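Work through the exercises below with the sequence and the 3D view open. Try each task before reading its solution.

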Amino acid sequence: MERTLVIGDIHGGFKALEQVLERASVTTNDTLIFLGDYVDGWSQSFEVINKLISLKSSHNCVFLRGNHDELFYDWIANGKSNPNWLLHGGQATLDSYKDRPYNFVQIHAHFLQNLENYYLDSKNRLFLHAGFTNVNGIDQEHFTKMFYWDRSLWETALASRKLDLNDEFYPQRLKIYSEIYIGHTPLSKINRDKPFCASSVWNVDTGAAFTNALTIMDIETKEFWQSDALPTLYPNEKGRN
Ligand SMILES: [Mn+2]
């Protein structure tokens, strides 16, 4: 069976990543689409990136860029840091990379540099970390950082979830793609702990950085599997709480 599976924001939660791959019985026939934010939060960002790099050689994978991945890349490649990043998980990532062999760090930097801003499949399904702002879609986006920073697409999808598709004011942005898969805005903030669909936008970030689980979902059947809640996997840590 060939499946396409999307994986939500991992944020250094390596144990959760191992659990979801196992619970979904992932095989080399599956295509894996990672929605970004691999680092910043729990203590195992190094192990997460290592695992993703090794999955790349065994599985068909798409690795999307999250805002946290770019912030970390800025540090790794250019020595750029900022207090806000350190406060929101960056420090845990730096701790995780302390005293790692230089060649490993170089390979990880190369991996982060080559992440994709978005992926559009043959069925007009769009995958990206956060969203886009141009009403004509990703090709017309003027502000490419929005692919991994925007929250207005999700907010618009939520606000429009009960509108009829034929409503004259139905948001143009939500008519372009058959489905959109995102992470970035944790569903725990709206008290949801499972993947949530609004106006054909699927949010798969179930809040693994905070109090909830990591999710992997089959995009055809919408069946999903979850890790244990992250605080139980890392009982002596706070994640991004
Ligand atoms: Mn994010």
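A salt bridge is a side-chain nitrogen of Lys or Arg within 4 Å of a carboxyl oxygen of Asp or Glu. The model is predicted: local features need pLDDT of at least 70, side-chain atom pairs count only at pLDDT 80 or more, and totals for chains, interfaces and linings use all residues. Residues are numbered from 1 along each chain as its sequence is written, and side-chain values use heavy atoms, with hydrogens and water left out.

**Exercise 1. Find the salt bridge of Arg23 and state which parts of the chain the pair ties together.**

Step 1. Arg23 pairs with Asp228; their closest N and O atoms are 3.0 Å apart.

Step 2. Helices (H or I, at least four residues) and strands (E, at least two) are DSSP runs, numbered from the N terminus. Arg23 lies in helix α1 (residues 14–23) and Asp228 in the loop between β10 (224–226) and α8 (230–233), so the pair ties together parts 205 residues apart in sequence.

Step 3. Check accessibility. Buried means under 20% relative accessible area, exposed over 50%, partly exposed in between (1.4 Å probe, protein chains only). Arg23 is partly exposed at 37%. Asp228 is also partly exposed, at 31%.

**Exercise 2. Trace the salt bridges of Glu220 and Lys222.**

Step 1. Glu220 meets Lys123 at 3.3 Å, N to O. Lys123 sits in the loop between β4 and β5 (125–127), and Glu220 in the loop between β9 (215–218) and β10; they are 97 residues apart. Glu220 is partly exposed, at 48%.

Step 2. Lys222 bridges to Glu179, with the closest N and O atoms 2.7 Å apart. Lys222 is in the loop between β9 and β10, while Glu179 is in strand β6, 43 residues away. Lys222 is partly exposed at 23%, but Glu179 is buried at 16%.

Step 3. Look for shared partners. They join Asp121, Lys123, Arg125 and Glu220 into one network. The whole structure holds eleven salt bridges.

**Exercise 3. Which residues coordinate the manganese ion?**

Step 1. Donors are N, O and S atoms within 2.8 Å of the metal (3.2 Å for Na, K and Ca); water is not among the atoms, so sites may look incomplete. The donors here are Asp37 (OD), Asn67 (OD1), His129 (NE2) and His184 (ND1), at 2.2 to 2.3 Å.

Step 2. Read their spacing in sequence: D-x29-N-x61-H-x54-H. Asp37 lies in the loop between β2 (31–34) and α2 (45–58), and His184 in the loop between β6 (179–182) and β7 (196–198), so this pair ties together parts 147 residues apart.

Step 3. Asp37 is buried at 2% relative accessible area. His184 is buried at 5%.

**Exercise 4. Give the strand order of the five-stranded open sheet.**

Step 1. Two strands pair if DSSP finds at least two bridges between them. The order is β4-β5-β6-β8-β7, with mixed pairing. The edge strands, β4 (119–120) and β7, each pair on one side only.

Step 2. β7 and β8 (residues 201–203) run antiparallel over three bridges. Ala198 has Val201 in β8 as its bridge partner.

Step 3. Contact means heavy atoms within 4.5 Å. Helix α7 (residues 152–159) packs on the sheet and touches β6, β7 and β8. Its direction makes about 75° with that of β7; axes are lines fitted to C-alpha atoms, for helices over the stretch in contact, and angles run from 0 to 180 degrees between N-to-C directions.
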